[in-house]
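Please look over the structure below before reading on. The notes that follow take up one ligand site and one interface between chains.

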Amino acid sequence: MADIKLRGLRKSYGAHEVIRGVDIDIADGEFCVFVGPSGCGKSTLLRMIAGLEDISGGTLEIDGERVNDVQPRERGVAMVFQSYAIFPHMSVRENMAFGLTISGASKAEKAEKVQRAAEILQMEHLLDRRPSQLSGGQRQRVAIGRAITRNPSVFLFDEPLSNLDAALRMDMRMQIGKLHKQLGATMIYVTHDQVEAMTLADKIVVLRDGLVMQSGSPMELYHNPANRFVAGFLGAPSMNFLEVEVLEADSENAKVARHSMDPIVVPVRGRKFAPGDTALLGLRPQYVTPSTPDEGVLHGQVSLVERLGSETVVDLAMEDGTSLIAAFSEDKQFERGERIDLAFDPARTHLFHPDE
Amino acid sequence: MADIKLRGLRKSYGAHEVIRGVDIDIADGEFCVFVGPSGCGKSTLLRMIAGLEDISGGTLEIDGERVNDVQPRERGVAMVFQSYAIFPHMSVRENMAFGLTISGASKAEKAEKVQRAAEILQMEHLLDRRPSQLSGGQRQRVAIGRAITRNPSVFLFDEPLSNLDAALRMDMRMQIGKLHKQLGATMIYVTHDQVEAMTLADKIVVLRDGLVMQSGSPMELYHNPANRFVAGFLGAPSMNFLEVEVLEADSENAKVARHSMDPIVVPVRGRKFAPGDTALLGLRPQYVTPSTPDEGVLHGQVSLVERLGSETVVDLAMEDGTSLIAAFSEDKQFERGERIDLAFDPARTHLFHPDE
Amino acid sequence: MSVIGSDNRNLRLGVRYLVLILIALIFVLPLLFMVMSSFKPSDELLRDTSSLRAFLPVGQLSLDNYTGAFERAPVGLFVFNSIFVTGTTVLLSLVICSLAGFSFVFLQWRGRDVMLSIILATFIVPFETIAIPLLLEVSKLPWLGLDGLSWGWLDSYRVQIIPWIADGLTIFLFVQYFKGLPGELIEAARVEGASWFQIYRRVVIPLSGPVIATAAILKFLIMYNQYLWPLIVVQQEQYRPVMVGLQYFFQLNPAWGEIMAYLTLITVPVLAFYLVLQKAFIASIASTGVKG
Amino acid sequence: MRSSLTSANRAGWAFALPGIVLILAFIITPFFLGVGFSLTNQRLISPNATRFVGLENYREMLNIAVVDLQAKTDSAGKTVTDADGQAEFPRLRSITRNPDTPQYHGMQEWFRWVSGDTAHVVIASDVVFWKALLNTCIFVLMVAPIQAAIALGLALLINQKLRGITIFRTIYFMPVVVSIVVVSLLWRFIYSGQNGLLNNMLSFLSFAHFQPVDWLGNPHTALGAIITMSIWQAVGFHMVIWLSGLQTIPPTLYEAAAIEGSSKWQTFRYVTWPGLRHTAVLVLIVITMQAFAIFAQIDVMTKGGPLDSTQTLVFQAVQRGYGMQNIAGGSAISVILFLIVLVISMIQRWLTRER
Amino acid sequence: TTDLTMWYHGAGNKVESKIVNQIIDDFNKSQSDYKVALQSFPQNSYNDSVTAAALAGNLPDILDMDGPIMPNWTWSGYLQPLPIPEDHFKDFLPGTKGVYDGKLYSIGLWDAAVALYARKSTMKELGLRTPTLDKPWTKDEFMSALEAAKKSGKFDYAIDLGMSDKGEWYPYAFLPFLQSFGGGLVNRETYDTAEGVLNGDAAIAWGNWWQSLFADKLAPGTSQDPAAHETGFIDGKYAFSWNGNWNAVKTMDKVDDVEFLPAPDFGNGSKIGGASWQFGISASSTAPEGAAEFIKFATQDKYLAEFSDALGLIPATKSAAQMTKNYKTGGPLAVFYGLSEAQAEKRPVTPGYVVDSKVFQKAAADIADGADVIDTLDSATDQINADIKRNDGYKKN
Ligand SMILES: Nc1ncnc2c1ncn2[C@@H]1O[C@H](COP(=O)(O)OP(=O)(O)OP(=O)(O)O)[C@@H](O)[C@H]1O
Ligand SMILES: Nc1ncnc2c1ncn2[C@@H]1O[C@H](COP(=O)(O)OP(=O)(O)OP(=O)(O)O)[C@@H](O)[C@H]1O
Ligand SMILES: [Mg+2]
Ligand SMILES: [Mg+2]
């Protein structure tokens with residue numbers, strides 16, 4: 001049982017500070033997902049929790065105890081490395097059993113646990129191979145296997161599924177979800193995959209440049225992003241931001257307009273705007289719907305179409321030159337240059353200050 | 001300018017045959033994407049085209065010439081390795097300029113090309129770092145950078161974006177698409193990301209266990225999967241397969257029914273069925289819509305809900321115990337155990353033989 | 001494969017082998033001379049030294065030199081002594097020096113860097129120059145044996161073994177190699193709960209095939225070729241190693257035939273040791289090699 | 001920056017302790033005893049009490065001076081010349097055994113250069129030491145780069161994937177397993193001046209145009225001959241070190257280079273060589289150390305001769321310590337050798353440091 | 001019984017070991033007070049072994065030693081005087097008696113001698129007078145013999161001096177030449193300087209002559225390979241060989257008409273080196289009487305003769321000589337007995353000899369290699385003097 005508290009955590013490489021004061025509370029048994037752009041410090045944070053990086057500042061508490069200087073082996077964590085870090089001189093089986101061997105588990109126990117992990121990971125036929133004889137995804141699964149054969153109180157996953165195909169990834173994702181429920185262990189999970197983040201997380205922490213941008217439940221973040229960065233980061237394709245002028249504003253709503261768009265009233269969600277302000281209207285591509293020219297609020301010409309089968313993403317060049325992404329949940333055919341008109345529900349938009 | 005022909009290509013590691021006779025034609029300037037489950041042989045195939053693996057059987061032609069025994073350096077290809085393979089002792093800049101250094105390019109040319117690549121990859125500030133000081137995604141971008149600073153006639157990408165966040169990934173994806181259009185080079189691209197596959201590919205090749213399952217344009221594969229494997233592999237969440245009994249069948253349509261589902265008429269798309277056959281009805285989760293109890297054809301209880309923000313995936317336990325995935329393109333709230341009714345358009349289903 | 005291509009290939013291959021063989025000759029001829037000479041009577045072998053006959057099994061060949069060598073000196077005993085002393089030292093040295101190397105690379109402790117510099121500086125000291133002070137030292141050291149406490153280590157195996165176990169060069173070899181191991185493997189093991197010793201035992205050592213082989217060979221050669229040290233610390237024939245034994249053959253008239261026979265005999269174990277190690281060495285490389 | 005996580009004071013000490021204790025006991029202690037000896041008049045065996053003499057031994061060894069000799073003149077004041085027309089100079093003993101110049105007593109000529117009627121003579125108390133120092137430096141400067149380069153070449157050669165390559169690997173390594181004493185004995189036959197194998201082979205290969213050389217008997221060739229033999233003997237060992245370095249370079253890097261179109265040389269230059277950095281440091285240091293310690297070859301083959309052309313420091317240290325029973329003098333040489341090598345290895349490490 | 005340990009330099013020499021073991025067996029059986037146990041060492045490294053053992057306080061009761069090193073060991077306190085009255089050995093050849101400081105420290109069972117090996121046929125062909133003990137060759141005769149041999153064109157070199165054997169051979173074989181010239185290694189009265197002895201006019205004359213042997217290609221130089229030294233004379237590549245009597249038997253086997261000529265007289269009489277291996281008792285021995293018993297036992301004529309027969313060495317007494325096949329009157333090597341008796345001169349009897357011999361060896365080699373004679377001799381002199389000074393004159397205190 002382990003709850004984890006990060007308090008003002010900092011990490012520098014030389015003069016370069018990559019974690020710049022991070023506070024996160026992870027409750028015992030919680031599934032916490034770190035997301036953020038490449039290089040924002042996710043792996044570093046994970047490695048600090050594991051005890052592999054020195055902590056330059058702040059405190060790290062596991063289970064109420066300060067563990068800044070505690071050795072990794074005494075922290076009771078298991079970790080899946082982004083670069084796998086599987087032992088080249090051991091077979092897959094030995095790799096998976098490593099933690100058990102270390103703790104002196106019996107042969108039978110090892111065999112059984114490895115067998116179970118291999119089933120979950122669909123790699124029973126590979127158990128006697130050497131890592132050099134595996135494909136990228138297979139190696140990654142070995143790394144996962146090594147973590148799950150043990151029963152640590154904290155799991156750390158660093159992009160564990162990035163090299164797996166969609167089907168297997170979904171499967172693994174569900175397995176990890178199941179594992180989490182079964183073991184009740186605390187899990188910290190780094191991923192670039194929004195689906196993984198949204199589906200697995202009890203709590204998502206969005207990082208940027210070594211700082212926490214927002215943390216909370218997936219839906220909270222999705223529907224109530226604390227700032228423009230989070231709004232843009234979550235959701236794919238990402239949110240459109242349209243420059244608008246604030247005409248009127250109160251504590252609930254604001255009336256905004258822009259060139260070639262009639263004024264609409266949108267919620268301000270706690271932000272303050274004054275008439276005359278320039279603001280950014282956030283509009284998720286999925287919430288844009290095709291409409292007739294007269295109902296439509298936005299008009300543009302198709303500049304790019306991406307057909308994904310069940311979804312069609314369209315890049316529109318609007319009259320004032322800005323571009324807008326729209327996603328339709330159907331396979332639709334568009335011609336490049338085709339003119340389309342779009343509507344959206346103002347209640348589902350977000351309004352941001354431009355410098356957020 | 002290079003078109004690539006694979007004819008009966010085979011590859012064995014010892015007794016273990018991992019590529020088992022692959023025929024693919026890739027036209028000059030085409031963007032070809034390989035997809036398939038982890039371990040199916042995608043990387044191996046790519047490495048064979050690059051000249052890094054001996055070819056155990058069959059022929060490989062580039063530009064009309066048999067190149068089975070031609071050295072990699074003479075094949076004029078650039079490659080991004082799944083494991084990056086960046087040079088640890090060189091700075092990012094030197095890594096990116098490597099191909100140019102090799103070919104004796106001038107300093108100015110190197111500086112310019114590296115600068116351009118770094119801009120595309122958003123890593124200008126990292127140019128003087130060593131690979132050991134980079135995050136996973138940053139390393140991957142170095143590998144991409146090294147490939148694109150040169151102007152080869154063939155690009156080989158092995159899961160080049162797997163470690164990047166969604167936003168960056170989308171960006172990179174677009175950059176690669178643009179690059180493809182600009183250079184007109186042939187590109188072969190391995191990915192697990194369906195979006196990448198669907199949006200970038202002129203042609204997708206679906207592999208399984210070292211064999212080609214189907215190849216063709218993304219929409220062709222999505223709408224007309226040649227077999228159950230392809231149907232299940234493309235699209236996320238993947239297609240549902242419901243066991244049905246064929247009541248009547250002709251060359252166009254078949255009438256099928258199953259326990260607790262009224263008979264419906266579905267297209268057979270070239271397949272032959274006889275009355276009394278058991279068949280599998282393929283139904284994409286996206287094509288299932290909520291309905292009223294009496295309109296609905298399928299009924300089930302919610303067993304799992306995944307809310308992704310713009311989409312909600314529901315796992316239903318149907319009355320006969322099988323499960324069905326439905327994806328709704330909205331953020332919807334469901335309770336576990338809630339009973340829902342679903343309808344679908346029979347024309348959008350696929351009918352497969354059970355042993356395909 | 002086109003015909004021209006295969007011809008070219010064969011030609012290139014042929015040239016490669018030719019180069020390899022020519023170089024091999026340079027290395028093997030003097031040794032061939034040794035082996036061939038060991039079958040010739042002394043005066044004949046001396047006469048043959050001036051011509052190619054030196055490398056050829058010509059003339060009156062016999063095993064007389066070998067029987068002669070065995071009569072002159074207890075060759076078997078010397079070889080046994082050398083192998084025993086060498087083997088023990090190599091084993092102990094590998095363990096102790098690799099442990100030290102591990103500690104210097106992966107662990108941090110007070111005084112580590114200073115200690116490392118000092119130890120590395122020690123391999124600059126040629127042994128010949130410390131032999132006498134060392135002799136004075138070991139002649140006074142205590143030893144707790146089966147028959148109680150005794151003083152002085154002379155005339156024993158231990159005096160030939162213990163001072164040679166640790167040396168700066170071997171530690172340096174390990175340090176250099178360990179520095180190049182991927183750090184994340186160590187990290188992975190740490191997270192998995194391995195103690196430092198377990199990391200050493202189960203991760204680092206299995207990955208260290210090449211350096212172990214190199215260090216073992218080096219140590220083996222140094223130990224097997226020991227001359228000055230056993231000469232001064234061992235007075236009893238029963239502990240003498242092969243190189244001291246070589247002196248048995250340099251009488252007023254060196255028995256060159258027997259010398260060659262003896263040299264051949266004492267070279268065989270080393271060669272065997274190398275061959276065995278080479279196999280292990282290659283196997284370890286094959287298993288740790290990384291593929292893209 | 002001290003790291004708290006990787007620090008493991010107790011474990012660290014425990015792991016390193018056995019090695020440290022042994023080295024302390026059996027290398028460092030005797031070495032310091034030796035340093036102590038070099039400051040006394042310690043003899044190998046002597047009934048006389050040992051006296052502290054300070055740096056006397058070093059002074060005796062390092063004492064060096066330049067003296068000028070004026071050419072002899074005849075009664076007319078003209079320079080006397082010999083048959084070749086070279087000016088004739090008085091003998092050195094007119095200075096070194098002259099009661100008027102006691103400071104030069106006991107000194108001998110190392111070398112001289114003549115300008116006009118004056119010969120500038122470098123004299124030293126211990127010429128042999130200076131010659132040994134010079135020869136050792138030459139030996140190291142020749143052996144280190146050449147042997148390292150050849151060894152690398154061989155390693156690259158046998159790193160190919162060819163059938164039977166291990167046979168060659170073994171053959172190239174074979175001289176290493178033969179004791180240097182044995183090798184030196186064998187090569188004495190090969191280098192023999194009259195009917196040596198080498199002379200006969202060279203004469204055969206040059207269709208008898210080659211004039212036999214007394215390889216070990218000629219002061220100009222003796223050191224070269226020993227250098228060649230030393231390289232021949234040890235190159236296989238360094239080949240193996242290079243080889244193990246080569247095999248730790250990840251194959252993907254070669255693959256990446258091949259894809260990028262790099263030629264053999266470029267692959268070596270950009271992938272292999274940088275990947276061998278650690279190994280190169282190792283090889284160079286090991287060779288340098290071994291070269292500085294050269295002893296057995298000299299002892300067996302030339303005993304420092306002819307005319308001191310193969311004197312080396314360790315040979316001299318041993319010669320003095322044991323042969324001449326002058327442990328103090330021998331120790332002083334060892335200390336000087338130690339200091340030289342220490343400086344060199346510090347320079348080497350500085351040059352090859354991680355940047 | 002008291003256990004005695006004994007060290008002997010004959011390891012690897014089958015014949016020698018056999019006899020030594022025989023003697024020890026006989027001794028052990030002949031009485032029951034003492035029991036001698038033998039430890040054999042290879043000759044080449046024997047001195048180093050003994051020195052090391054002495055340093056470590058590990059010496060045996062009885063040990064043998066090469067004659068000229070005895071003073072050094074005595075001075076260092078390794079040895080004690082033999083507790084045997086001197087006249088017990090009155091019949092012994094002078095070279096076999098190790099006397100230092102007026103006391104007898106060691107006694108040898110044999111002596112060795114060097115002679116000029118020649119073939120009768122060659123002598124005749126070149127028309128040379130056969131020198132005798134009474135009338136040895138003069139320097140000029142010797143040199144013209146060498147010139148004649150060289151001129152005949154039948155030989156690679158006129159004489160083999162054994163230059164390949166760089167060890168004690170140099171002082172043993174070549175120092176007598178210097179002495180015959182009138183020079184020496186150190187002042188043999190005071191043993192406190194080499195000045196004027198090693199670099200005096202006589203020594204310089206010797207040096208010039210010595211150098212001319214090699215400069216004129218009369219003899220192979222220091223780089224001679226051991227093979228040539230061993231087989232050269234036998235194969236007829238050299239006309240003469242300056243060689244020890246231990247090679248005599250073997251040479252006689254191969255060369256029927258070999259004869260052994262006395263050393264030439266370079267002005268101050270013919271001289272050869274004396275003193276070979278001898279037995280002594282270590283200072284640390286707790287049973288010197290027992291050791292003395294053994295030494296007395298071992299120096300019986302029958303063992304002297306046995307050694308001589310086996311090794312070809314000169315037995316220490318006349319009576320023993322008569323019992324041997326080579327040295328009895330009229331025996332093929334009898335000439336050596338005469339040589340030893342008449343010409344043998346000991347190497348300097350001083351503790352400093354250990355160093356002096358090394359200095360001489362280097363000087364002789366350097367001069368042979370073409371170094372400046374006077375400078376080389378000066379340098380050698382300086383070295384010997386420095387060594388004497390460093391050892392406080394090798395005085396006992
Ligand atoms: N050296 C080898 N020896 C034996 N089998 C190997 C070797 N290398 C790869 N394989 C096997 O070959 C198959 C294909 O590997 P490949 O790397 O091409 O897969 P992949 O399609 O790229 O998978 P992934 O998506 O996981 O990267 C895998 O099953 C793998 O285990
Ligand atoms: N040894 C180092 N020295 C200097 N900077 C480093 C070092 N290691 C990492 N960094 C920098 O620290 C930042 C955070 O790295 P980290 O690996 O935590 O990123 P990440 O969020 O995991 O990214 P990714 O998603 O690409 O894996 C990066 O900008 C990286 O360049
Ligand atoms: Mg990361
Ligand atoms: Mg792959």
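How many residue pairs are in polar contact between chain D and chain C? The count is six, with both residues at pLDDT 80 or more, where a polar contact is a pair of N or O atoms within 3.5 Å and, within protein, one must be able to donate a hydrogen and the other to accept it, while residues adjacent in sequence count only if both atoms are side-chain atoms. This is a predicted model, in which local features need pLDDT of at least 70, side-chain atom pairs count only at pLDDT 80 or more, and totals for chains, interfaces and linings use all residues. Residues are numbered from 1 along each chain as its sequence is written, chains are lettered from A and ligands numbered from 1 in the order in which they are written, and side-chain values use heavy atoms, leaving out hydrogens and water.

**Chains D and C**
- In contact (heavy atoms within 4.5 Å) are 91 residues of chain D and 97 residues of chain C.
- Across this interface the rule finds zero salt bridges, a salt bridge being a side-chain nitrogen of Lys or Arg within 4 Å of a carboxyl oxygen of Asp or Glu.

**Ligand 2**
- Residues from chains A and B surround ligand 2, so the site is shared between chains.
- Of the 21 residues around ligand 2 (a heavy atom within 4 Å), those that come nearest are S43(A), T44(A), R129(B), S135(B) and G137(B).
- An oxygen atom of ligand 2 lies 2.8 Å from a polar backbone atom of K42(A), and a polar side-chain atom of E159(A) is 3.3 Å from an oxygen atom of the ligand.
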